[in-house]
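The following exercises concern one protein structure. Please study the sequence and the model before reading each solution.

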Amino acid sequence: MSAVQSRHAARESLAVRVAVPVGVLFTAVASLATLLTSASAASDAPELPAPAAAMALPTVEVERAAAANPCVDDEVIAALAAGDDRATVRAFGGGAEFRAAVVSDNAPCVSLSDPDRTWVVVNKHRPLQPEAFVPASLTGVGVRATSGSDDLRPEATAALDAMADAIVAEGAGTIGINNGYRSYDVQTRTYGSHVRQKGQAGADAISARPGFSEHQSGLAFDLIACSPQCGSHEAFGSTSQGEWVAANAWRFGFIVRYEQGETGTTGYEPEPWHIRYLGEELAAAYHDGGFHTLEEFFGLPAAPDYEH
């Protein structure tokens, strides 16, 4: 290469080396200017308010009024003192209101263990107190009876007679009873007979131990169909009378105590013939509320087996 060519090559190489840094510098300066302009614009913008979520909210105090105790009501006190169960339920405001007060523990004057009251609950966890309880008054029923146990408490007898008249008037047939009130001693013999035939477990599924029977309360009985001859209580559920009673007994203050599908709660096999008196207001609340056991109605634990 000549000396002239060498000088030209050297100048060209220097120009290239200088041109590249100048371009980079120009780009950097332009970027810096853009950033400074953006920062200036941001500093000139008005300050935004704090987000609403960050603002403190005032504390709200909510007062809860205690439910009134119906047991301090003069009407309730007077009805209880008079032993008038129907008037007591009405003084609470009705069957549904009575139940609600009991279930919510807002009825300290009501005992579900008092055997003198129509709302007493007797099951395998709740024996009568005392176990040899005898109702203060019993009267013979007006319907046909096929056993010597044909007494009930007066209020249950009057309701049964009214129901018997209604079932005839409505064309469903005639009813009678097989068992009404059974004393502690009679229940002892009845239960013992079942134990001998079926063993204790078999007996417990169909019969109450003495002191644990609703029959002893004078508020329960076993119905039979009489058309015109009276049949057994075991056949009652499939008769026209049995179907009518299942649908209408509540109108007269009764419930079917041991329904199909409720053995896990009651501890007994279904007994469509076993009828229990509650009084019209409570039976209506039981029916209207769609209940199927007294345990559920009063918010009590299931009682499928004896505790000892």
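**Exercise 1: An aromatic pair**

Phe221 is buried, as its relative accessible area is 0%; buried means under 20% relative accessible area, exposed over 50%, and partly exposed in between, with a 1.4 Å probe and protein chains only. The model is predicted, so local features need pLDDT of at least 70 and side-chain atom pairs pLDDT 80 or more, while totals for chains, interfaces and linings use all residues. Residues are numbered from 1 along each chain as its sequence is written, and side-chain values use heavy atoms, without hydrogens and water.

Task: determine how the rings of Phe221 and Phe254 are arranged.

Solution. Step one is the rule: rings of Phe, Tyr and Trp (its six-membered ring) pair if their centres lie within 6.5 Å; planes under 30 degrees apart are stacked, over 60 edge-to-face, and the rest tilted. By this rule there are eleven aromatic pairs. Step two applies it: the centres of Phe221 and Phe254 are 5.4 Å apart and the planes stand at 85 degrees, an edge-to-face pair. Step three places the residues: Phe221 belongs to strand β5 (residues 220-226) and Phe254 to strand β6 (residues 254-258), 33 residues apart. Strands (E, at least two residues) and helices (H or I, at least four) are DSSP runs, numbered from the N terminus. Phe254 is also buried, with a relative accessible area of 1%.

**Exercise 2: A second pair**

Task: classify the pair formed by Trp244 and Phe252.

Solution. The ring centres of Trp244 and Phe252 are 6.1 Å apart and the planes lie at 35 degrees, so this pair is tilted. Both Trp244 and Phe252 are buried.

**Exercise 3: One face of a helix**

Task: find where the buried residues of helix α3 (residues 85-92) lie around its axis.

Solution. First, list the buried residues of α3: Asp85, Thr88, Val89, Ala91 and Phe92. Next, seen down the axis, these residues fall within an arc of 160 degrees, so they line one face of the helix; the arc is that of the directions from the helix axis to the C-beta atoms. Finally, the buried residues of α3 pack against α2 (74-81), α4 (95-103) and α9 (280-288), where contact means heavy atoms within 4.5 Å. After α3 comes Gly93, with a positive phi near 115 degrees.

**Exercise 4: Neighbours of a strand**

Task: state in which sense strand β4 (residues 174-179) pairs with β2 and with β5.

Solution. Two strands pair if DSSP finds at least two bridges between them. Strand β2 (residues 144-145) and β4 are parallel, over two bridges, and Arg144 has Gly176 as its bridge partner in β4. β4 and β5 are antiparallel, over five bridges, with Thr174 opposite Cys226 in β5.
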